[in-house]
Amino acid sequence: MAAVTPRVFVSHLSGVPVFDPNGDQVGRVRDLVAMLRVGGRPPRILGLVVEVISRRRIFLPMTRVTGVESGQVITTGVVNMRRFEQRPTERLVLGEFLDRRVRLVEGDEEVTVLDVAIQQLPARRDWEIDKYFVRKGRGGALRRKGETLTVEWSAVSGFSLEEHGQGAENLVATFERLRPTDVANALHHLSPKRRVEVAAALDDDRLADVLEELPEDDQVEIIGKLAEERAADVLEAMDPDDAADLLSELPEDDKERLLALMRPDDAADVRRLMSYEERTAGGLMTTEPIVLRPDATVADALARVRQADLSPALAAQVYVCRSPDETPTGKYLGTVHFQRLLRDPPFTLVSSIVDSDLVPLPPDTPLPLVTSYLAAYNMVSAPVVDESGSLLGAVTVDDVLDHLLPDDWRETDLTDLHGEEGVGRGGR
């Protein structure tokens, strides 16, 4: 039996408090941000507009929301306190959808939208508009009578994009089903002006994913055209190793300004990566592998591995370390591979099943030795540990391949492999 996913009417969310994982109030919900889509698909909810204590309105992505109820919203992770700025591809649900005059598909009758229901997609953090609560007849201050009914999103016309048009809004919507590498391929073949317009219309997380797949020249061009605060937000959303590679291509003054605008913890990770030689384990690694303490269980490890935003290479193993469990960690104890996690009972402590025989990589290990290490031990990721025994990060096979392939490999048109439809179509 399929699990029932939560449905919430947005009018019930207006003004409700937003809490962090510790139970401290962050602010209150003032609106929801949606993106219209082509192909008869329901609008997607990108995030919430939250008014914090200082009365500044910030954007909270739905990927950071762990609970949405009528009385409260629970968020996880660090909240970005930069002021919310609506982009051309975005619509405010409370501000622009409610009281809007639209038509029912059946009968072509005009109705007024009184409320909007959103629902979380099964097994994902994505949210979509699910239903509309509408009133038949003309609205207005003196005319509030008329039959009310709740209809499916597909029963109403007026909340979708036309398939034609040159606006960035339409192009961004058509990109939604593509994998980041395919969006990057499409962007690379646009004119410079068009490329910057479309990149500016993507949300921070999506643009970060796409930038990681673009050639360096395109990365530098796009990041240089963004407002500095927006550029810093995008760099924070990128994997630290990719952000470090991009920043290393910028002039020194620009690099330092962007690092100063980033959150201190994110900037510290990037600075640490930039301190290593590029073609070494330290220069290749990511500082965000899955780290668990010795008293964590197999169930805890599997919960971390299931996170949708993890790459397959990083999800293939967890690293067991003593506190602190942020890199650089306490003493590195060993690795637990994903297959081992599937074989042991959920209550098993990870410290009892670690693979401690595999020698970790020092940060100054050159690229050829990193490649040989992964090949010899059939690994897709390897721990990087310093002289004191602290885990610094992990080198993944995709980052190694990135440095082994020709410099122009990202400019290859992968649609040739599968015809006009391209590869990876159909979601992330």
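**Contacts, cores and pairings in a predicted chain**

Reader: Of the contacts in the chain with a separation of 6 or more, what percentage do residues 24 or more positions apart account for?

Author: The model is a predicted one, where local features need pLDDT of at least 70, side-chain atom pairs count only at pLDDT 80 or more, and totals for chains, interfaces and linings use all residues. Residues are numbered from 1 along each chain as its sequence is written, and side-chain values use heavy atoms, leaving out hydrogens and water. A contact means heavy atoms within 4.5 Å. Among the contacts with a separation of 6 or more, the share from residues 24 or more positions apart is 58%.

Reader: How many helices and strands does the chain have?

Author: Helices (H or I, at least four residues) and strands (E, at least two) are taken as DSSP runs and numbered from the N terminus. Counted this way, the secondary structure comes to 16 helices and 18 strands.

Reader: What percentage of the residues in the chain is buried?

Author: Buried means under 20% relative accessible area, exposed means over 50%, and partly exposed lies in between, with a 1.4 Å probe and protein chains only. The chain has 428 residues, and the buried ones make up 48%.

Reader: Which residues have the most contacts inside the largest nonpolar core?

Author: A nonpolar core is a set of buried Ala, Val, Leu, Ile, Met, Phe, Trp, Tyr and Cys residues joined through side-chain atoms within 4.5 Å. The largest one holds 55 residues. A second, separate core has 38 residues, including Leu 13 and Val 116. In the largest core, the residues with the most contacts are Leu 207, Leu 211, Ile 223, Leu 235 and Val 395.

Reader: How many residues of β18 are buried?

Author: Strand β18 spans residues 391-396, and the buried residues of α10 pack against β18 as well as against α7, α8, α9 and α11. Leaving aside residues up to four places away in sequence, Val 395 touches Ala 281, Val 370 and Val 380, among others. β18 is mostly covered, and its buried residues number six of six.

Reader: Over how many bridges do β17 and β18 pair?

Author: Two strands pair if DSSP finds at least two bridges between them. β17 and β18 form a hairpin with five residues between them, and Gly 389 in the turn has a positive phi of about 95 degrees. Ser 381 has Thr 396 in β18 as its bridge partner. The sense of the pairing is antiparallel, and the number of bridges is five.

Reader: Which strands stand at the edges of the open sheet of three strands?

Author: The sheet has the order β14-β15-β16, and its pairing is mixed. β14 and β15 pair in the parallel sense over two bridges, with Leu 292 bridged to Val 320 in β15. Each edge strand has a single partner, so one side of each is left without a neighbour in the sheet; these strands are β14 and β16.

Reader: Are Asp 204 and Arg 230 buried or exposed?

Author: The side chains of Asp 204 and Arg 230 meet in a salt bridge of 2.5 Å, N to O. The pair links distant parts of the chain, with Asp 204 in helix α5, Arg 230 in helix α7, and 26 residues apart. Both are buried.

Reader: What is the area of the nonpolar surface patch made by Leu 401, Leu 404 and Leu 405?

Author: Patches consist of residues with over 30% relative accessible area and no salt bridge, where like charges are joined within 9 Å and nonpolar side chains (Val, Leu, Ile, Met, Phe, Trp, Tyr) within 5 Å. Leu 405 lies in the loop between α15 and α16, and at 36% relative accessibility Leu 405 counts as partly exposed. Accessible areas come from the Shrake-Rupley method with a 1.4 Å probe, and for residues only the protein chains shown count as cover. The patch comes to about 250 Å².

How values were computed:
A salt bridge is a side-chain nitrogen of Lys or Arg within 4 Å of a carboxyl oxygen of Asp or Glu.
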